[in-house]
Amino acid sequence: MYSPIVLDHFHHPRHVGVVSAATGHARLENPVCGDVVEFWTRVVEDRLEEVGFRAFGCAAAIASASMLAESVRGLSSREVLALEAADLVEALGGLPASKAHGAALAVEALRAALGEVADS
C-alpha cells in the first residue's frame, strides 16, 4: 500500500519540532479526516534556513510533512511556493489516491507558513 519511502518517513520523521526564532508559522487541519499539519519556518535572505513540523494523522500526512521539510531546506521562498502536491507524491514514491490529501495538506501548511513571512 505505501512505498518504502513513505514508511521510512512515517516511522522516522525528519525535522520534527518547533523552530526557534521562527519567521513563519501555520497550522492547518483537514476537516474531513482530522489530519493536522503544523509548520514553523525561518527564512533568512529569502532562503528557507530552517523548517520544523508537527503532524497528527495518517501515515501519508506524517510522511508528507517529513519529506517536505527535508526537501525544502535551502530553497528560496519562490521555489518552495512553486512546489505542488503532485511533486511531493512523486518524491514519496506515490501515495494511494485516497491518501493524496496528506500531501496536499502538507504543501498548503508550508505555503501558509511562508505566507506569514511574505506578509511581514
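For angles between axes, values under 35 degrees count as roughly parallel, over 145 as roughly antiparallel, 65 to 115 as roughly perpendicular and the rest as oblique. The axes themselves are lines fitted to C-alpha atoms, for helices over the stretch in contact, with angles running from 0 to 180 degrees between N-to-C directions. The model here is predicted, so to speak of a local feature takes a pLDDT of at least 70, side-chain atom pairs count only at pLDDT 80 or more, and totals for chains, interfaces and linings use all residues. Residues are numbered from 1 along each chain as its sequence is written, and side-chain values use heavy atoms, leaving out hydrogens and water.

Helices and strands are DSSP runs numbered from the N terminus (H or I with at least four residues for helices, E with at least two for strands). Helix 1 (residues 4-11) and helix 2 (residues 59-72) have axes that come within 8 Å and cross at roughly 90°. That makes helix 1 and helix 2 roughly perpendicular to each other. On the helix 1 side the contact (heavy atoms within 4.5 Å) involves Ile5, Val6, His9 and Phe10, which meet Ala59, Ile62, Ala63, Ser66, Met67 and Glu70 of helix 2. Sorted by class, this contact holds seven nonpolar, two polar and one charged residues. Here Ala, Val, Leu, Ile, Met, Phe, Trp, Tyr, Cys and Pro count as nonpolar, Asp, Glu, Lys and Arg as charged, and the others, Gly among them, as polar.

Strand 1 (residues 24-29) and strand 2 share six bridges, with histidine 25 standing opposite tryptophan 40 in strand 2. Their hairpin has six residues between the strands, and glycine 34 there takes a positive phi near 90°. Strand 2 and strand 3 pair over nine bridges, and glutamate 38 has arginine 54 in strand 3 as its bridge partner.

The loop between strand 2 and strand 3 holds glutamate 45 and aspartate 46. Phi is positive at both, near 50° for glutamate 45 and near 60° for aspartate 46. Glutamate 45 counts as exposed at 77% relative accessibility, whereas aspartate 46 is partly exposed at 42%. For these labels, buried means under 20% relative accessible area, exposed over 50%, and partly exposed in between (1.4 Å probe, protein chains only).

A search of the whole structure turns up one aromatic pair. Phenylalanine 39 and phenylalanine 53 make a tilted pair, 6.1 Å centre to centre with 45° between the planes. Rings of Phe, Tyr and Trp (its six-membered ring) pair if their centres lie within 6.5 Å, and planes under 30 degrees apart count as stacked, over 60 as edge-to-face and the rest as tilted. Phenylalanine 39 sits in strand 2 (residues 36-44) and phenylalanine 53 in strand 3 (residues 47-56), 14 residues apart. Both phenylalanines are buried.

Finally, lysine 99 lies in the loop between helix 4 (85-91) and helix 5 (101-119). Lysine 99 is partly exposed, at 22% relative accessible area. Not counting residues up to four places away in sequence, lysine 99 touches Tyr2, Cys58 and Ala60. Lysine 99 and alanine 59 are 40 residues apart in sequence but 8.7 Å apart in space, C-alpha to C-alpha.

Technical notes
Two strands pair if DSSP finds at least two bridges between them.
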